[in-house]
Amino acid sequence: MTDRQTSEHHTFSQGLWGNNPALIQLLGLCPLLAVSHYAITAITLGVISLTVMIAANGLISLLRPLMSELIRLPLQIMVIASLVSIADLLLQAFYFELHERIGLFVALIVTNCAILGRAELMARRSPIRHALLDGLSMGLGFFWVMCVMGMLREVLGRGTLFAEAGRLTGFPLPDHGIQLLETPLQIMVFAPGAFFTLAFLIAGKNYLDQRNESRQADRISQQTSS
Amino acid sequence: MKPALILATTGGLLALILALLNHWTAPQILERQAEAKLAALSRALPDPNETVHLLPPKGDANEIYWSKQASEPTGYLYSIRTNAGYSGKIEAWLSVTLSGDIRRIFTFAHKETPGIGHIIEPDQPFIRQFEGVNLLSDSINLRSNGGEIDAVTGATITSRAIVDALTRGQATFIAASSTNKEIEG
């Protein structure tokens with residue numbers, strides 16, 4: 001691999017795992033905790049956040065020549081807010097019922113610190129290719145955590161998966177979703193369930209990281225001793 | 001370039017894009033909103049197969065709707081309200097036949113005492129005794145006031161409030177049937 005490829009590979013894996021916005025940076029938790037009670041709402045908000053993040057990173061990277069210290073924050077917020085409004089209008093026009101469910105949180109993406117954070121840390125200093133890649137990686141990192149939370153909470157809390165997804169999106173899915181559990185734990189779809197699930201995800205990620213680290217350490221000590 | 005100028009230009013451009021998009025999506029969004037409202041309203045009707053349609057507005061009266069089954073009008077649907085509840089305002093959807101017989105009262109907002117004031121919620125015996133009563137020709141009144149309606153012991157104020165809301169709803173019915181005559185004839 002060339003240096004450039006290695007560095008791009010590194011950038012990409014940062015968002016998905018190493019520096020995941022939801023699990024490590026703990027950014028954007030408000031939408032993450034609030035709409036992850038159903039798989040379909042979580043996935044929708046994940047997709048919108050992902051799209052906004054890529055587009056915002058790209059646009060802000062393009063606006064670099066105009067960005068002076070004085071106006072960089074208003075400019076970034078303006079770009080992000082416009083993109084979110086576009087997403088909000090389109091969702092409302094084409095998926096009205098879905099918008100009724102998560103509408104408030106779509107508007108709140110403007111204040112999602114994960115997005116402003118990427119704009120401020122990365123996009124305003126990087127060439128467009130790198131900025132887009134960073135947006136994709138961070139967006140996907142947020143998106144997969146969103147999906148896992150949504151699906152886990154719906155299965156544990158309601159016993160179903162993708163309930164109402166068919167009606168809301170037009171995909172051929174049964175209206176009551178796929179029944180997986182007979183006796184769900186209702187608390188999982190309420191607020192405490194959101195915190196439990198996130199805590200277990202973070203713990204799981206830390207456990208895997210530590211296991212990997214100790215394995216690597218073992219390997220190195222074996223190599224040196226032999 | 002001056003920062004202020006950059007900020008203003010970018011803001012202007014973005015606002016223009018948003019305005020265009022809004023212009024393009026607004027009709028669709030309004031249509032969806034109207035559909036959603038009518039779908040929600042049809043829950044207030046006694047028969048789930050009926051649909052709800054807005055009557056042309058007239059004067060300052062509340063919005064009045066048609067209820068229809070297979071494009072045949074079955075009656076009117078409109079909201080009634082009173083401030084005479086035990087805890088203030090009570091609001092309900094009233095569906096009546098074309099001749100003014102009450103079909104269903106669907107209470108959608110009230111703050112009556114839980115466990116006592118619930119008599120006014122849909123499908124409770126108290127609220128169902130109004131079904132079939134004619135808004136204009138029958139006297140809608142509690143027995144204690146010489147009428148035919150049985151009040152619920154312990155919830156006299158709530159019972160009286162519903163009678164009050166219905167009495168106020170008579171005027172809306174008269175407006176509705178006059179609009180209807182204009183349409184038909």
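Start with chain B and colour its two domains separately: the C-alpha centres of domain 1 of chain B and domain 2 of chain B lie 37 Å apart. Domain 1 covers residues 3-42 and domain 2 covers residues 45-184, with bounds that come from an automatic or database domain assignment.

Before going on, note that this is a predicted model, in which local features need pLDDT of at least 70 and side-chain atom pairs count only at pLDDT 80 or more, while totals for chains, interfaces and linings use all residues. Residues are numbered from 1 along each chain as its sequence is written, and chains are lettered from A and ligands numbered from 1 in the order in which they are written.

You will find an open sheet of 5 strands in the order S1-S2-S3-S4-S5, with antiparallel pairing; two strands pair if DSSP finds at least two bridges between them. Strand S1 (51-54) and strand S5 (102-109) of chain B stand at the edges, each with a single partner strand, so one side of each has no neighbour in the sheet. From one strand to the next, the twist averages 30°.

Within this sheet, highlight S2 (residues 64-69) and S3 (residues 72-85) of chain B, which run antiparallel and are joined by 6 bridges. To see one bridge pair, pick B:Ile64, whose partner in S3(B) is B:Tyr78.

Now show helix H4 (residues 72-94) of chain A together with helix H1 (residues 3-41) of chain B, which pack at an angle of about 10° with their axes 9 Å apart. The axes are lines fitted to C-alpha atoms over the stretch in contact, and angles run from 0 to 180 degrees between N-to-C directions. The two helices, H4(A) and H1(B), are therefore roughly parallel to each other, a term for angles under 35 degrees. Among the residues of H4(A) in this contact are A:Met78 and A:Leu89, and among those of H1(B) are B:Leu14 and B:Leu21; residues are in contact if their C-beta atoms, placed from the backbone, lie within 7 Å.

Finally, select helix H7 (residues 128-158) of chain A, whose 31 residues reach 43 Å from the first C-alpha to the last, close to the 45 Å expected at 1.5 Å a residue; the expected span is 1.5 Å times one less than the number of residues. H7(A) is followed by A:Gly159, which has a positive phi, near 80°.

Definitions and conventions:
Helix = DSSP H or I, 4+ residues; strand = E, 2+ residues; numbered from the N terminus. Parallel < 35°, antiparallel > 145°, perpendicular 65-115°, else oblique. Contact = placed C-beta atoms within 7 Å.
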